[in-house]
Amino acid sequence: MVMSREERAALIEQYAQGPQRVREALAKVPREALQWRPGPGRWSAHEVVVHCADSETNAALRIRYLIAEREPLIVGYDQDAWARLFDYHAQPIEESLAAVAAARARTAPLLVRMSEADWTKAGRHTESGPYTAEDWLRIYAAHLEGHARQIEGNIAAWKATSSSR
């Protein structure tokens with residue numbers, strides 16, 4: 001389903017605001033709760049932020065591949081394996097936040113300048129098949145908002161378990 005210019009503009013604005021939303025959510029996390037996990041196989045607030053850095057740097061490249069390459073191939077990755085293998089708790093939060101902000105600050109102007117042909121050009125994603133720039137925008141406009149809510153959910157769960165001790 002092709003988006004209107006207005007729909008795209010709203011999603012681009014949401015995309016641009018994402019880093020601030022993550023910073024706001026993270027600012028509410030007590031220091032002692034940063035590496036607390038809400039359950040087995042679930043990420044701490046710290047891990048969420050480092051994931052965002054890896055995901056957003058991948059995303060910035062993905063949109064560029066979609067625009068510039070003749071037959072773009074978007075490669076999926078196992079985000080849980082990355083969190084484990086790259087020891088997200090050992091990675092600094094501030095640098096991760098800076099990477100997120102930089103990737104988005106460099107990509108948002110590109111999105112504004114894209115042509116209609118750029119938006120509908122299709123590549124192939126190794127996990128989901130046909131993949132356009134509009135598919136990309138739908139995913140990444142909501143990506144950081146979803147993780148900001150995840151961080152807020154972690155805080156609520158941490159407070160609930162802390163108060164029951």
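Which backbone nitrogen does the side chain of T132 reach, and at what distance? In this predicted model, the side chain of T132 reaches the backbone nitrogen of E134, at 3.3 Å.

View 1. T132 has its place in strand β3, which covers residues 129-132. With the neighbours within four places in sequence set aside, T132 is in contact with L66, W119, T120, K121 and A122. The relative accessibility of T132 is 16%, and because buried means under 20%, T132 counts as buried.

**View 2. The order of helices and strands.** The protein has six helices and three strands, and read along the sequence these follow the pattern α-α-β-α-α-α-β-β-α. The radius of gyration is 17 Å, close to the 15 Å that the globule rule gives for 165 residues, so the protein is as compact as a globular protein of that length. Taken along the principal axes, the box that the C-alpha atoms fill is roughly 55 × 30 × 25 Å.

**View 3. Interior and contacts of the protein.** Of the 165 residues in the protein, 45% are buried. Where contacts join residues at least 6 apart in sequence, 79% of these contacts are between residues at least 24 apart.

**View 4. Surface and charged side chains.** The protein exposes about 8900 Å², of which carbon and sulfur atoms supply 55%. There are 21 positive and 22 negative side chains in the protein, and the centres of these two sets lie 1 Å apart.

Terms used. Residues are numbered from 1 along each chain as its sequence is written. This is a predicted model: local features need pLDDT of at least 70, side-chain atom pairs count only at pLDDT 80 or more; totals for chains, interfaces and linings use all residues. Side-chain values use heavy atoms; hydrogens and water are left out. Helices (H or I, at least four residues) and strands (E, at least two) are DSSP runs, numbered from the N terminus. The radius of gyration is taken over C-alpha atoms; the globule rule is 2.2 Å times the number of residues to the power 0.38. Buried means under 20% relative accessible area, exposed over 50%, partly exposed in between (1.4 Å probe, protein chains only). Contact means heavy atoms within 4.5 Å. Accessible areas come from the Shrake-Rupley method with a 1.4 Å probe; for residues, only the protein chains shown count as cover. Lys and Arg count as positive and Asp and Glu as negative; His and the chain ends are not counted. The place of a charge is taken as NZ of Lys, CZ of Arg, CG of Asp or CD of Glu. A polar contact is a pair of N or O atoms within 3.5 Å; within protein, one must be able to donate a hydrogen and the other to accept it, and residues adjacent in sequence count only if both atoms are side-chain atoms.
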